[in-house]
Amino acid sequence: EQRRLATARASASARALFAKFDTDHNGQLSVDEFVRASNTQLPKVDSTAILNRLDANRDKKVTLVEYRTLTLTSFDRLDVDKDMILSPAEQRAGGFAR
């Protein structure tokens with residue numbers, strides 16, 4: 001039950017974040033949308049490299065499926081004990097917490 005709830009919350013959170021970035025509401029992130037989204041809270045970064053990593057079919061747009069595929073893959077890589085929860089230690093090991 002905890003796993004199902006965690007998965008549902010993560011999925012809802014990802015959909016909401018993607019929708020926020022998809023300013024023209026076409027179900028895809030264009031290069032401009034991605035650059036604006038990726039530079040809002042972080043120091044300036046080269047968004048092109050990140051976009052290329054997300055854009056599996058190289059059409060210069062990121063769909064929700066492409067976004068979720070990469071985020072789930074990253075989550076699975078960080079979740080070393082495979083309990084569907086990123087512990088503080090796993091987050092630190094992945095460089096996401098102190």
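Does Arg68 count as buried or exposed, and at what relative accessibility? At 18% relative accessibility, Arg68 counts as buried (under 20% relative accessible area, with exposed over 50% and partly exposed in between; 1.4 Å probe, protein chains only). The model is predicted, with local features requiring pLDDT of at least 70 and side-chain atom pairs pLDDT 80 or more, while totals for chains, interfaces and linings use all residues. Residues are numbered from 1 along each chain as its sequence is written, and side-chain values use heavy atoms, without hydrogens or water.

The protein contains five helices and two strands. Their order from the N terminus is α-β-α-α-β-α-α. These elements are DSSP runs numbered from the N terminus: helices are H or I with at least four residues, strands E with at least two. Of the 98 residues, 24% are buried. Among contacts (heavy atoms within 4.5 Å) between residues at least 6 apart in sequence, 36% join residues at least 24 apart.

Arg68 lies in helix 4, residues 64-78. Beyond its neighbours within four places in sequence, Arg68 is in contact with Ala10, Ser11 and Ala14. Phe18 is 50 residues from Arg68 along the chain, and their C-alpha atoms are separated by 9.5 Å.

Helix 3 spans residues 47-54, and its buried residues are Ser47, Leu51 and Leu54. Seen down the helix axis, these fall within an arc of 60°, so they line one face of helix 3. The arc is taken over the directions from the helix axis to the C-beta atoms. An α-helix has 3.6 residues a turn, so residues three or four places apart point the same way.
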